[in-house]
Amino acid sequence: MAVKEGLRAWKRIFWWLILLTVGFSGLLLYGVPTVRHLEVFIPMGTCPLARMSLLRDNFTDLHLWARPEVLTCTSWGAPIIWDGTFDPDVAQQEAKQQNLTIGLTVFAVGRYLEKYLARFLESAEQYFMVGQRVVYYVFTERPDAVPRPPLGPGRQLRVERVLRERRWQDVSMARMRTLHAALAGRLGREAHFVFCMDVDQHFSGAFGPETLADSVAQMHAWHYHWPRRLLPYERDARSAAALAPDEGDFYYHAALFGGKVEALRRLTAHCTRGQQQDRLRGLEARWHDESHLNKYFWLHKPAKVLSPEFCWSPEIGPRAEIRHPRLLWAPKEYAVVRG
Ligand SMILES: *[C@@H]1O[C@H](CO)[C@@H](O)[C@H](O)[C@H]1NC(C)=O
Ligand SMILES: *[C@@H]1O[C@H](CO)[C@@H](O)[C@H](O)[C@H]1NC(C)=O
């Protein structure tokens with residue numbers, strides 16, 4: 001009897017192992033769309049009611065219980081903002097009352113300028129912090145080629161010249177250093193909050209002051225259901241960006257991060273230092289500045305996390321939990337823009 005039971009249990013474990021192996025290898029080969037669709041069944045966890053009721057936001061009323069199917073707060077008590085968990089009108093009023101200036105930085109280097117910048121700026125005029133004072137900072141090596149879309153009242157566009165880096169990896173590396181310098185200059189003086197974004201995306205829905213906080217991180221659309229051990233952090237312990245297998249909260253996307261000027265100064269200083277240290281050792285982190293950003297947010301937790309709705313990849317396909325995407329990435333055409 002006992003032997004039979006034992007055999008049955010063993011068989012069960014065996015099948016689970018096979019299922020898990022197949023599942024995880026499928027996940028790793030994330031080009032397979034069917035497997036991508038299955039990952040929504042990996043639970044994200046839920047925000048405990050006790051924590052939910054304690055959370056307050058500086059800009060909006062939070063309704064974190066409005067989305068019970070997704071995780072709406074972090075273990076350190078930061079809200080994770082999903083569609084339906086905030087009141088956009090309250091946020092709008094509050095930001096107006098504080099008379100804020102919000103900066104939006106974007107790098108348009110090489111072929112990224114012609115290919116993406118016009119649509120990025122035009123869609124930002126339509127959706128980004130509408131009704132607030134906004135100053136765009138475009139970093140480029142060709143200021144003359146920057147498009148000048150008509151801007152709403154209280155909105156300005158500034159163009160800053162940067163040097164052309166030879167390899168796109170170096171462009172990504174130079175970004176943190178350039179931002180750090182800009183935050184110490186005019187940008188830091190005129191803006192209260194700043195968002196730093198990639199140019200190869202466009203706004204597709206209202207992106208308002210509900211996204212503001214001391215420091216803001218974006219959950220990566222491709223990885224928000226993945227178990228921690230599989231997240232694509234830098235794992236080489238020699239790198240300044242390294243995270244051990246039991247470290248890391250979420251995988252954050254470097255296509256969007258933001259916060260108050262002082263907080264971003266600390267963030268960009270940390271990432272620049274890490275990148276320099278790696279370079280001296282002849283290393284380059286797996287996902288460049290994104291790896292260093294993830295290390296920073298592991299050490300210094302973001303005050304607010306944006307759900308993947310705020311920076312969504314249409315290549316993943318529709319998902320019930322992604323109700324209202326605010327930014328959409330362009331399909332990656334590396335051969336065209338990096339060549
Ligand atoms: C709001 O800020 C702008 C720019 O910083 C300034 O010119 C203006 O006087 C401020 N308005 C109020 C009511 O404080
Ligand atoms: C809200 O504002 C206070 C005072 O400026 C600040 O200390 C706190 O960190 C802010 N909270 C968030 C989530 O940014």
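User: In this predicted model, where is N99 found, and is N99 buried or exposed?

Analyst: In this predicted model, N99 is found in the loop between α4 (88-97) and β2. N99 has 9 C-beta neighbours inside 10 Å, so N99 counts as exposed.

User: What is the phi of N99, which is not a glycine?

Analyst: Most residues other than glycine have a negative phi. N99 is not a glycine, although its phi is positive, with a value of about 55 degrees.

User: Where is H288 found, and is H288 buried or exposed?

Analyst: H288 is found in the loop between α8 (261-280) and α9 (289-299), and its phi is positive, near 55 degrees, in a residue other than glycine. Because H288 has 23 C-beta neighbours inside 10 Å, H288 counts as buried.

User: Which residues does UniProt list for "binding site"?

Analyst: The UniProt entry, which is unreviewed, lists seven positions under "binding site", namely F107, A108, V109, Y112, D198, V199 and D200. They span 94 residues in sequence, yet no two of their C-alpha atoms are more than 11.0 Å apart, so they gather at one spot.

User: Which residues is A108 in contact with, leaving aside its neighbours within four places in sequence?

Analyst: A108 is found in the loop between β2 (101-107) and α5 (112-127), and because it has 26 C-beta neighbours inside 10 Å, A108 counts as buried. Leaving aside neighbours within four places in sequence, the residues in contact with A108 are L113, L117, V138, T140 and V199.

Technical notes:
Residues numbered from 1 in each chain as written. Chains lettered and ligands numbered in written order. Predicted model: local features only at pLDDT ≥ 70, side-chain atom pairs only at ≥ 80, totals over all residues. UniProt positions renumbered as here; feature names shortened; annotations may be inferred. Helix = DSSP H or I, 4+ residues; strand = E, 2+ residues; numbered from the N terminus. Buried ≥ 20, exposed ≤ 12 C-beta atoms within 10 Å, placed from the backbone. Contact = placed C-beta atoms within 7 Å.
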